[in-house]
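Student: I would like to learn how to read a protein structure residue by residue. Could you go through some features with me, giving the general idea before each case?

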Amino acid sequence: VLSFLFLFSQENIAQSDIQEEWYSSLEWRNIGPFRGGRSCAVAGVPNKPNLYYFGSTGGGIWKTKDGGRSWENISDGFFGGSIGSIAVANSDENVIYVGGGEKTVRGNVSFGYGMWKTVDAGKTWEQCGLKKSRHISRIRIHPNNPNIVYASAMGDLFKDSSERGVYKSIDGGKNWKRVLSPKAGAGAVDLLIDPTNHRILFASTWNIRRTPYSLSSGGDGSAIYKSIDGGETWEDLSQNEGLPKGVWGISGIAVSPLDGERVWAIIENEKGGLFRSEDGGKTWKKVNENRALRQRAWYYTRIYADTKDINTVYVLNVRYHKSVDGGKTFKAKNAAHSDHHDLWIAPEDPSRMIIGDDGGAQVTYDAGETWSTYHNQPTSQFYRVTTDNHFPYRIYAAQQDNSTIRISHRSRGGSIGEGDWESTAGGESAHIAIDPDDNDIVYGGSYDGFLTRRNHRTGDVRAINVWPDNPMGHGAEGMKYRFQWNFPIFFSKHDSDKLYTASQHLHLSEDEGQTWKIISPDLTRNEAEKLVSSGGPITQDNTSVEYYATIFAASESPLKEGVIWVGSDDGRLHITKDGGDNWTDITSSQMPKYLMINSIEPSPFDEGTCYIAGTLYKTGDYQPYLFVTRDYGASWRKITTGIPSEHFTRVLRADPDVEGLLYAGTETGMYVSFDDGKNWKSFQLNWPIVPITDLAIKEKNLIAATQGRGLWIIDDLSVIHQLKSDNDIENVHLYKPMAAYRMPGYQVKETKGAGKNRPGGVMTNFYLKEFDEEKDSISLSYTTMEGDTIRTFSNKSKEEKDKLKLKVGGNMHAWGLQYPPSKKFDGMILWWGSLSGPRLKPDNYQVHLNVNGADQVQEFEVLQRPNSEGSRADIQAQFDFVKSINNKIDESHKAIIDIRSLRKQMKDYTSKIDNEPIKGYATEIDSLMSVVEKNLYQTKNKSRQDPLNFPIKLTNKLAHLNSLTQMGSNDYPPTEAAINVRNELVGLIDEELESWKQVKNVMLPKLNQMIRDSQIDVIILEEK
C-alpha cells in the first residue's frame, strides 16, 4: 500500500540522479502529417492479395492487411531507422527478413541497424547479424528453405568498411559467411536468385562514396557477378561480350521467371543503358539506351521481370517504365508519387504489385492503371522545424520530395487530418521563417538559392532570391553565392524588419526581400578543391546538396540585438556583436577541423553562452559533437557524456523557461540534460527509433522533426521543469498542471490516417512508486479554490466515465474541463441533444490527488483562448444557462428512472395478489406515470433513427439547447430565443414533474396504506 514516505532525505539531489520513471507520464505524440516519405524496400506475399510490407527511410517496417488502405508499424519496440530491404519467405509467409540502411544514397541518406528477422509475421523480431553493414540493399530467401538467406551489403557509404559484399546464412541468420567480396570501396547493391534454378544467383557490386561535398558513383569494384553453386563461388560477367567497357557505376539485374537464360541488366556507364542476355549472361546485347531509364543512375537503377510474360519488364526511375517487347521500347508511367525505388510483382498475378518511391508505398491490382494512396503513411522526412504565434500555434517544416507544410499542433476535433495542414512557402529542403508581425506572411527556401515569400491571405507567392541565377547542374566553383540545399533563413529576435539568409555570406533584407545586402565576409574555409562539380566519374549530380563551404547554421541572441552566431558546414564559427559590422573567428581547436555546424543555440539566459551541435558522419565519424561556450566563443567545452558513441547529434535546444535544461536530438534517439550538458539521459519515452533532424520549443511544448516519421510533440514540459527546480520526489508526487485553455479539441487514442491530437482540457501528471489495484484507493478531484468539488475520478469508481486508470510510475490524466453530465437512463435515445456539463469558466482551480486518505494539492489555471469572441460575462451567462438546463434534465431523468422502478415494483406486487381495489388503484397510478414519462421522453424510440418516426419530447428538446449553446466549445452567451425556449420547455416539464410529485407524495402513500389495510403478507412498496 502506498504511503507518503520520501524517497530521498536530502533537500536537493544531484541533477544526474533524476530518474526517468519520474517523468514517464510524458508521451510523444505523432501529429503527422499522413503523407508518405521515401521507401526503397517493398514486399508482398504470394496468394495473399491484401498483405504487403514496406520499409521506410528512417521510419521502420510497415504492414497492410487491407491492400494499402491502412498501414501499421510492426518494428516499433524492436528496431527502427532506415530500411534498405525486406523479403518474405515463399515457403513460410511468417518468416520475414529485413535489412537496415537505404540504398537511395541522397544527401540525407540514413543507415540502418543490420539484419532483423521475424517468424511470426512481424509480431516479434530478433537481430540476426551484419550490424556494421550500414546499408543492406537486397535480401533473397531460398524459395524452399527459409533458413537459407542471402544479403547484399553496401557497407559504409562514407569510408571503406569491412562488412560489405554478398553474405549467406544457412541457419536462419544465426551465422553469416561472406561469399562475394568486392574490391575496397565497393559493396553489393543488387542480388537475385534465378526463379528457374535456385542454385543460380546474380549480384551487382558498386563503388559508391559520399563526402560532405561530393558524390561519386562508379569506379573500381563495380561489376556484375553470377554464381551457379548457391553463392559459394562467383564469376565476374562484366567483361563478357556485349557489355560496355570502361568505368562502371551502379547496375541492376533481372531474370525472367519463365526462362532463366533471359537476363536483363541496366548499367551506369558512359555507353550504358539496358542490356539483355539470352544465354544466362555469357553474351549480351544493348537493347535500349534511353536516358530516361538511367538518368540520375545512383538514385534508381532497378529492373524487374514480369512473372507471367517473358517480354514484359519494368525499369524504375523518376517515373517507372514498362516494356512489353523485351526492353526495346518502354512506356513511362507514374504511381501515386514519383521517384520509384523498388517493386514487387505477385508471381501468380502480375497485375498485382507494390511499389516503393519517394512518397512511400502504393499498391495496384490492375497493372498500374490505378494505385493506392500514400496519404495514409506517417513517414515524412523533415529538415528544420519552426512555429508561429497564431493561436493555436502552427508548426512549419519542409518535407523531403514534397512541399513545405504548416500544420496545427492541435485541432478542434479528435485528430489532426488533412484539413489541419497546408503547403506554405519554399520547397522540399527549406528553412522557414514566419514574419513576427504577421503569421500569414511566410518565407521559405529550397535548393539552388530559391527563396519565396508567401502571403496566405491572398495566396500570392513572390520569388525573392538573393541572386536569382539558376545554378542547376553547375558545381559550386562557379557560384557567386553558394546557397546550400538547406540554407538558413531567420528573422531578428529584436527587429521584425530584419530578415537574414546565408550563403557563404550572411545576407540581410529590411524590405521583405526587395533588396539584400551582404553583412559578412566569406565565413567558410573556402577551399577550392572542395568547390567542384559533384558526381562522376560517370554521371554528374549538382542540386546544391553537395555545395560546400557554406553557412549552415546561424542564430541571433534572444537577449541582445546584433549578437549573431554563425557556423559553416566546413567547421568554422564566427560571432558579431554589432549586427555584422565586425566579425570574430571563434573556431575552436577543441572541435574537429571540418565539423559541420548543424545547429546553433544562443542561451536564453546568458548573452555570452551558446551551444552548438555538429556532425561528421559524412566522413564516417558517427560520434556526437555538442559544445558550449560561456565567453562569446573564446573557449569551448564538449558536452556529450551519456550519449552513445554512434548517436551523432544534429540539434541541441535550450529550454527557455529553466536555465541549464537542454534537449538534444540524435540519429538514434532523444536526450535531455538537467545540468547544462554535463550529463545526458534518454528522453525517448514512447518514441520509435528514428533520426531527429530538428527541435523547437513553444509554450512548454517540445516539437521534433524526424527523418522518416513526421512531426512529434511532447505537450507538457512543465513536468521536466518541476524536476529541474524541485527534486524532492516522494513515493507519491502530484505535479502542478500547466494552464489549460477553455477550447475545443480532444484526443482519439487510436487514429487511422491522421495525427494524434492533444488531449483536451487540463493534463494532470502524477507519480506512483507503487500501486496495488486491489488495496489502494486513489482519486483525482478537481475543485474550486474554495474546495467545492467539480469532478472526481477514482480507481474504485463503478462508472466507466469516472474510472481512473493507473499504473506504477508516471501517470497522466486528461480532463476536458466539464462538470459531470446530466443523468442518463438505460436505453435512452436522444436526437441532437447533449447531456454534457458546462465547461469551467476561466479562473484558478485546484486538483487533489488522494492516496489512501492522504491528499496532495496543486493549483492550476483555466485560460480563455486569445481568439475567443466572448467576454467573461458571456462565459458566465453560458455557464449558468447550461447548468440550469442540466439541472432540469437531471430532475426529469431521475423522475423517469423512479417511475420505471415503481412500475416494476407495482407489477411484481400486483401479479402476486388478487385484490381488485389495489390492482385498480395501481393501474390508475401507472396510467398517470405513463403520461408523465411519455411527455418527458419519447418511449417509442429504440434505435438511433427512430426519432425520425417518433417525435422527440421535452427532455430531448431541452438537451438540444445544451448542444446548440456549447456547439464548437464557443464562449458565446445563450441567445434570447434560446432563453425563451428553455423557459417554455422548463414550464412544460415542471407541469409533468408536478404530476409525478402527486404520485409520489399522495397516490403512492395511499396505495401503501391500502396494502397495509388489506393485511396481505407482501412487502410494502418502496416510497420514493
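Tutor: Let us begin with burial, where a residue is called buried when its relative accessible area is under 20%, exposed when that area is over 50%, and partly exposed in between. Please keep in mind throughout that this is a predicted model.

Student: Is F648 buried or exposed by that rule?

Tutor: F648 has a relative accessibility of 1%, and because that value is under 20%, F648 counts as buried.

Student: Which aromatic pairs does F648 form with F111 and Y622?

Tutor: A pair of aromatic rings is described by the distance of the centres and the angle of the planes. The structure holds 35 aromatic pairs. In one of them F111 and F648 are tilted, with 6.4 Å from centre to centre and 55° between the planes. This pair links distant parts of the chain, since F111 is in the loop between β7 (92–100) and β8 (115–118), while F648 is in the loop between β50 (637–638) and β51 (649–654), 537 residues apart. Both of these residues, F111 and F648, are buried. Y622 and F648 also form a tilted pair, at 6.3 Å centre to centre and with 40° between the planes. Here, too, distant parts of the chain are linked, with Y622 in strand β49 (residues 621–629) and F648 in the loop between β50 and β51, 26 residues apart. Y622 has a relative accessible area of 5%, so Y622 is buried.

Student: Which residues do ring pairs link into a cluster?

Tutor: The cluster that is linked by ring pairs consists of Y23, W28, Y663, F674, F683, W687 and W712.

Student: Where does S599 lie, and what is S599 in contact with?

Tutor: S599 belongs to strand β47, which covers residues 596–602, and S599 counts as buried because its relative accessibility is 3%. When neighbours within four places in sequence are left aside, the contacts of S599 are A553, Y611, I612, A613, R650, V651, L652 and R653. With L652 there is a further detail, namely that a polar atom of the S599 side chain lies 3.4 Å from the backbone nitrogen of L652.

Student: Where is E869, and which residues does E869 touch?

Tutor: E869 is found in the loop between β66 (854–864) and α2 (872–910), and with a relative accessible area of 63% this residue is exposed, because that area is over 50%. Not counting residues up to four places away in sequence, E869 touches D874 and Y972. The side chains of E869 and Y972 make a polar contact at 2.4 Å. By contrast, the C-alpha atoms of E869 and T693 are separated by 38 Å, and these two residues are 176 places apart along the chain.

Student: What can be said about V986 in helix α5?

Tutor: Helix α5 spans residues 976–1014, and V986 is placed in it. At 17% relative accessibility V986 is under the cut-off of 20%, so V986 counts as buried. Its contacts, leaving aside neighbours within four places in sequence, are K888 and L958. The C-alpha atoms of V986 and I885 are 8.3 Å apart, although 101 residues separate them along the chain.

Student: Which residues make the nonpolar surface patch?

Tutor: W831, W832, L948, L964 and M967 make this patch, which has an area of about 530 Å². W831 lies in the loop between β64 (809–815) and β65 (843–851), and because its relative accessibility is 33%, W831 counts as partly exposed.

Student: Which peptide bonds are cis, and where are their prolines?

Tutor: For a cis peptide bond we look at the angle omega. Another runs from G536 to P537, with omega near 0°, and P537 is in the loop between β42 (517–518) and β43 (551–556).

Student: What is the phi of S544, and what is the phi of S969?

Tutor: S544 is not a glycine, yet its phi is positive, at about 85°; S544 lies in the loop between β42 and β43, and at 0% relative accessibility S544 counts as buried. S969, also not a glycine, has a positive phi of about 50°, and its place is the loop between α4 (954–965) and α5. With a relative accessible area of 17%, S969 is buried.

Technical notes:
Residues are numbered from 1 along each chain as its sequence is written. This is a predicted model: local features need pLDDT of at least 70, side-chain atom pairs count only at pLDDT 80 or more; totals for chains, interfaces and linings use all residues. Side-chain values use heavy atoms; hydrogens and water are left out. Helices (H or I, at least four residues) and strands (E, at least two) are DSSP runs, numbered from the N terminus. Buried means under 20% relative accessible area, exposed over 50%, partly exposed in between (1.4 Å probe, protein chains only). A polar contact is a pair of N or O atoms within 3.5 Å; within protein, one must be able to donate a hydrogen and the other to accept it, and residues adjacent in sequence count only if both atoms are side-chain atoms. Contact means heavy atoms within 4.5 Å. Patches are made of residues with over 30% relative accessible area and no salt bridge: like charges are joined within 9 Å, nonpolar side chains (Val, Leu, Ile, Met, Phe, Trp, Tyr) within 5 Å. Accessible areas come from the Shrake-Rupley method with a 1.4 Å probe; for residues, only the protein chains shown count as cover. A salt bridge is a side-chain nitrogen of Lys or Arg within 4 Å of a carboxyl oxygen of Asp or Glu. Rings of Phe, Tyr and Trp (its six-membered ring) pair if their centres lie within 6.5 Å; planes under 30 degrees apart count as stacked, over 60 as edge-to-face and the rest as tilted.
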